[in-house]
Amino acid sequence: MEKKISEQIKSFLDFIDECRELNSMAYSGVGEEDKRHQDLTHAIEFEHDPEKIDRIGRRIHQNRIERRVYKDIYEITSPVVEFARDPQNKKTLDSARQLLGKVRKVESYQENRFYVPRIKENQVYFQEIREGRSHGQKDPE
């Protein structure tokens, strides 16, 4: 298995969180670009110099491109955000976060487990196994 189970669960939960952040950022970006567009159209309205009007027109073009980028991000992340906001799905995502904690706990236990011998006479044998030697063999010199 390439990725741990916990990493896969975390990746999904991180994806949901990232979509929420992107969605919020894109929503703000669309609003800001709308305000900028309004400012630029008013600038054209009150400008009399054709060269300045031309420059403002190019800025409007760039404004529309940037707004489109934000709007596309907003549109593509909205279904994920709506999914996460749905009360039933929110409960499932909360359960997935609890599941992540449980899986991490088990993974940690499995990575760090060891055996403590119950009988003293076997301690030498288990010490040899931990050190990578076979029972009854001496260290290579």
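This short talk goes through side-chain pairings and surface features in a predicted model.

Before the details, please keep in mind that local features here need pLDDT of at least 70 and side-chain atom pairs count only at pLDDT 80 or more, while totals for chains, interfaces and linings use all residues. Residues are numbered from 1 along each chain as its sequence is written, and side-chain values use heavy atoms, with hydrogens and water left out.

Let me start with the aromatic residues. Taking rings of Phe, Tyr and Trp (its six-membered ring) as paired if their centres lie within 6.5 Å, with planes under 30 degrees apart called stacked, over 60 edge-to-face and the rest tilted, a search of the whole structure finds one aromatic pair. That pair is tyrosine 27 with tyrosine 74, tilted, at 5.7 Å centre to centre and with 45° between the planes. Because tyrosine 27 lies in helix H1 and tyrosine 74 in helix H2, the pair ties together parts that are 47 residues apart in sequence; helices here are DSSP runs (H or I, at least four residues), numbered from the N terminus. Tyrosine 27 is exposed at 56% relative accessible area, whereas tyrosine 74 is partly exposed at 29%, where buried means under 20%, exposed over 50% and partly exposed in between (1.4 Å probe, protein chains only).

Now to the charged side chains. Which residue meets aspartate 17 in a salt bridge? Arginine 97 does, at 3.1 Å from N to O, a salt bridge being a side-chain nitrogen of Lys or Arg within 4 Å of a carboxyl oxygen of Asp or Glu. This pair links helix H3, which holds arginine 97, to helix H1, which holds aspartate 17, across 80 residues. A second bridge, between arginine 67 and aspartate 34, comes to 2.4 Å, and it connects helix H2 with helix H1, its partners being 33 residues apart. Arginine 67 is buried at 16%, while aspartate 34 is partly exposed at 32%. Within helix H2, arginine 58 and aspartate 54 are four residues apart, about one turn of the helix, and their closest N and O atoms are 2.5 Å apart in a salt bridge.

I will finish with asparagine 63, which is found in helix H2 (residues 50–85). Is asparagine 63 buried or exposed? At 2% relative accessibility, asparagine 63 counts as buried, and its side chain makes a polar contact of 3.4 Å with that of histidine 37, the term meaning a pair of N or O atoms within 3.5 Å, where, within protein, one must be able to donate a hydrogen and the other to accept it, and residues adjacent in sequence count only if both atoms are side-chain atoms.

How values were computed. Helix = DSSP H or I, 4+ residues; strand = E, 2+ residues; numbered from the N terminus.
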